[in-house]
Amino acid sequence: MAKAGFVTSITRQSEDFPAWYNDVVRKAELADYSPVRGCMIIRPYGYAIWESMRDELDRHIKRTGHQNVYFPLFVPRSLLEKEAEHVEGFNPQVAWVTHAGGEELNEWLAIRPTSETLIAEVVKDWIQSYRDLPLLMNLWNNVVRWELRTRLFLRTTEFLWQEAHTFHATEQEAVDEVATGLEAYRSVAEDWLAIPVIKGRKTENEKFPGAVYTLAVEALMRDGKALQAGTSHMLGQNFARAANIEFLDRDNERKNPHGTSWGFSTRMVGATIMAHGDDSGLVLPPNVAPVQVVIVPIFRSDEDRTAVAGAIKPLEAALRDSRRTLPDGRTEPVRFQVDWREETPGFKYNHWELRGVPFRLEVGPRDVAAEQGMLVKRIDRSKEPVPLDRLAAELPDRLDAYQREIFGRAVAFRDDNTHRIDEYDDFKRVLDEQPGFVLAPWCGDSACEKQISTDTGATIRIVPLDQSDEPGACLRDGRPSRQPALFARAY
RNA sequence: CGGGGCGUGGCGCAACGGUAGCGCACGUGCUUUGGGAGUACGAGGUUGCGGGUUCGAAUCCCGCCGCCCCGACCA
């Protein structure tokens, strides 16, 4: 029972979702504020979650033929300004280094907001022939975007991410690559983080500055707001032309290669929190959870303590030898921790629930006598006695089932909160009364899109891919619509 | 950048002209431990910074700096 005013109590979601989010991030010790406005300290538990999704995505990136590289933090002003639409899009958000070595610099250096221009400048020397293509690179790095308003993980001035940059001989190859990047994000979101996403195409207003088009995966948070979970850009020949990258093709013609770039950031830690968390705190998908099962010993006397320790010991050994099979076929042992701290059991239950650990095993004198432990599931606190000698063998399946269960729960939530609307009045009412995704016909005009956003606060997140043509009349101005767009209020 | 609020031990607050106190957290001992333990003792603050008024400033005045909330950009 959580006492009001207890130091680690958190705001209820229904009371104030943003406050709930902040409480979870701070009290589960995922992150702290930093001395620099808008920047965050990622603490060990939060960083472990990031590392898990980072490593999973890195495997996808490598499996699809990309190699990791590193490019510098600084981008000379002249380079950043080479692609006109790109400069215009990023200028307001760029942080500049104007002084160094005690002197003003001849040329200012941008702290990279993203690396397209720098990469284009460098790879022009690497690309001479169609034989040098495709060039498939990926960077894991930090970038800085001077945001007016920041939120831990979701939007920080500096953030960690991955940016893939590729160059191709043909347009079709680049188009396919954009889809490859998007599919990697879908897989990490759905199969690893248990967050269902919808693939789609950004509107002209929302696409990446300098891109031909932008694809994205979009997820729904538990407060009914949308969150972009990864973007993949078709750059066409825009940056290649600006940097004058040319290669000699099979037909002995000089051509500009077709580029793509795609990115996935620490924002996804925030998405994981907001897609699954509840009033007790985090709910982590087993694939990501730094601790998948926590063992809480319960004892009164020294004799009890010794008996419990004795009963746990063989279990610990068995868990170290356990093998859980991951989506890509790899196996790894169940991640567990025994909490021997000098705290009461109740304190520890709350502590680990706040941190989203999928299973807790309580082992007390009564259990030792029965050679069992009480296994408690985080999402519903259901309790089940499990023989200690079977636990290590059973946990991998239980973790798999748990992973499936929270994904299924998130899919059901998303579906329950996706509305098909045709009339503008209904649209406004639904957004206010039951926030979520709204599929509605849209004429495709940018000015109309902006007006809808001004009127309602909702934006077009994407025009979903994988949907067949569905002619209709634009919900705002009645002009013809080929396919419905996905609207939502968004982070 | 415009509007509003706030800066006091790690966190949350009180003291509002007489030199700083409470709760939680923290340390040690004892008793405890199946849903956020009890008790005793203890440690911790040049009150955001600078200036002014005053015999005396956390408190009043001026100027900075920073933070939070609300509106215009964004993974």
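Mentor: The largest pocket of this predicted model holds about 1100 Å³ of space.

Trainee: What makes this space a pocket?

Mentor: On a 1 Å grid over the protein atoms alone, a cavity is a set of points where a 1.4 Å probe fits but cannot get out, whereas a pocket is an open set with protein on both sides within 12 Å along at least five of seven lines. The volume is the space filled by probe spheres set on the points, which are joined across faces, edges and corners.

Trainee: Which residues of the lining lie nearest the centre of the largest pocket?

Mentor: Lining residues have an atom within 4 Å of a point; there are 39, and R145, E147, R155, Q228 and R267 lie nearest the centre.

Trainee: How do you know that β15 and β19 are paired strands?

Mentor: Strands are DSSP runs (E, at least two residues), numbered from the N terminus, and two of them pair if DSSP finds at least two bridges between them. Because 5 bridges join β15 (residues 293–297) to β19 (residues 359–363), the two strands count as paired; they run parallel. V296 stands opposite E362 in β19.

Trainee: Why are β18 and β21 called edge strands?

Mentor: The open sheet has the order β18-β15-β19-β20-β21, with mixed pairing. Strands β18 (336–338) and β21 (383–387) each pair on one side only.

Trainee: What conventions apply?

Mentor: Residues are numbered from 1 along each chain as its sequence is written, and chains are lettered from A and ligands numbered from 1 in the order in which they are written. Local features need pLDDT of at least 70, side-chain atom pairs count only at pLDDT 80 or more, totals for chains, interfaces and linings use all residues, and side-chain values use heavy atoms, leaving out hydrogens and water.

How values were computed: Helices (H or I, at least four residues) and strands (E, at least two) are DSSP runs, numbered from the N terminus.
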